[in-house]
Amino acid sequence: MKIALVGFGKMGHMLASAAERRGHEIVLTADPFADDASVKSSDPAETARAAAASGAQGIIEFTHPSSVLGNIRALLPLGIPLVVGTTGWNDSIPEVRELAEKSRGHLLHSANFSLGVNLFYRIVAEAAKLFAGFDEYDEAVFEAHHNKKADSPSGTALELASIILKNCPKKTEIVTSPFDRQPKPEELHVSSVRIGAVPGTHKVIFDSLPDTIELTHRARSREGFALGAVCGLEWLVSAADSRAPGLFTMDDVFADM
Ligand SMILES: NC(=O)c1ccc[n+]([C@@H]2O[C@H](COP(=O)([O-])OP(=O)(O)OC[C@H]3O[C@@H](n4cnc5c(N)ncnc54)[C@H](O)[C@@H]3O)[C@@H](O)[C@H]2O)c1
């Protein structure tokens, strides 16, 4: 498959290697600040024109929370299946869903494309169901990432928190800011630390007076994210033939596995 990469930073380079290892061809790399990108515009309309002209059959977008929406608005109407890995735009999902339906585009998004994290989501859902019946236990989410990450908390931590809310009715509200008062029992605290080069660590904690249970996913490198995004694009390109336009998540990809 011919693939266009929008954003040619750390993830963009990983994606190029992962895609080439799976026999795909990178026909465009767009990034205003990467010396080795083939298109250096920060104008989403220009990037979209270049992507269309490149003959790309699929596009993968890993840029910056401040750029992602402009890119999605310009790229979706091309009708080329689009995978978005950039985080920090959760609040705009309804708007993007409407745009996908209107422009008949197919978009797969995930805050975390690694297979392990997507399996971890399922483990956490089951654990949250188990602890839901025991008021002795309190729950929290913790995440750590490298000090170049632009958004906080991570999209993965927010996804974990929403999985806990869905499966553990005693928690009804996510709190991401530090507490300057005692937390209420129904509040689920999500805390973040930014340090060094950590590729991504997520922990779900169940704590009671006598003991603590901790479930941890620790990414060892970015390769898992890149491979997951490329496999996600392969799935989206074949799904685009048979499925109505709209937004898709890794749950849709796993449902077909
Ligand atoms: N979904 C996942 O599995 C996953 C995994 C890792 C990182 N991420 C997210 O992906 C994003 C990128 O991560 P990274 O580590 O590659 O960051 P990075 O800073 O190394 O690279 C981002 C690149 O995007 C470029 N960019 C900014 N605006 C652009 C625009 N308008 N058009 C084209 N390029 C533009 C920047 O110049 C930079 O080179 C972040 O939001 C990060 O949180 C997601």
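Which of the 23 residues around the ligand come nearest? They are Met-11, Asp-31, Ser-67, Thr-87 and Phe-113, where a residue is near a molecule if one of its heavy atoms lies within 4 Å of it. This is a predicted model, in which local features need pLDDT of at least 70 and side-chain atom pairs count only at pLDDT 80 or more, whereas totals for chains, interfaces and linings use all residues. Residues are numbered from 1 along each chain as its sequence is written, and side-chain values use heavy atoms, with hydrogens and water left out.

**The ligand and its surroundings**

- The residues of the shell around the ligand comprise nine nonpolar, 10 polar and four charged; Ala, Val, Leu, Ile, Met, Phe, Trp, Tyr, Cys and Pro count as nonpolar, Asp, Glu, Lys and Arg as charged, and the others, Gly among them, as polar.
- The ligand takes up the space of the largest pocket. On a 1 Å grid over the protein atoms alone, a pocket is an open set of points with protein on both sides within 12 Å along at least five of seven lines, and a molecule sits in it if more than half of its atoms lie within 2 Å of its grid points.
- A polar side-chain atom of Ser-67 lies 2.8 Å from a nitrogen atom of the ligand.
- A backbone N or O atom of Phe-113 is 2.8 Å from an oxygen atom of the ligand, and a polar side-chain atom of Lys-149 is 3.0 Å from an oxygen atom of the ligand.
- On its own the ligand has 860 Å² of accessible area, of which the protein covers 84%; such areas come from the Shrake-Rupley method with a 1.4 Å probe.

**Backbone features**

- Most residues other than glycine have a negative phi, and most peptide bonds are trans.
- Arg-104 has a positive phi of about 55° although it is not a glycine. Arg-104 belongs to the loop between helix 4 (93–103) and strand 5 (106–109); helices (H or I, at least four residues) and strands (E, at least two) are DSSP runs, numbered from the N terminus.
- Arg-104 is exposed, with a relative accessible area of 58%; exposed means over 50%, buried under 20%, and partly exposed in between (1.4 Å probe, protein chains only).
- The peptide bond between Ser-152 and Pro-153 is cis, with omega about -5°. Pro-153 is in the loop between strand 6 (138–145) and helix 6 (155–167).

**Contacts of Asn-112**

- The side chain of Asn-112 makes a polar contact (3.2 Å) with the side chain of Thr-156; within protein, such a contact is a pair of N or O atoms within 3.5 Å, one able to donate a hydrogen and the other to accept it, and residues adjacent in sequence count only if both atoms are side-chain atoms.
- Thr-156 is located in helix 6 and is buried, at 4% relative accessible area.
- The backbone oxygen of Asn-112 is 2.7 Å from a polar side-chain atom of Ser-110. Ser-110 is in the loop between strand 5 and helix 5 (115–132) and is buried, with a relative accessible area of 9%.

**Positions across the fold**

- Asn-71 is part of helix 3 (residues 68–75) and counts as buried at 7% relative accessibility. Asn-71 and His-217 are 146 residues apart in sequence and 30 Å apart in space, C-alpha to C-alpha.
- Lys-184 lies in the loop between strand 7 (173–175) and strand 8 (187–194) and is partly exposed, with a relative accessible area of 43%.

Notes. On a 1 Å grid over the protein atoms alone, a cavity is a set of points where a 1.4 Å probe fits but cannot get out, and a pocket is an open set with protein on both sides within 12 Å along at least five of seven lines; lining residues have an atom within 4 Å of a point.
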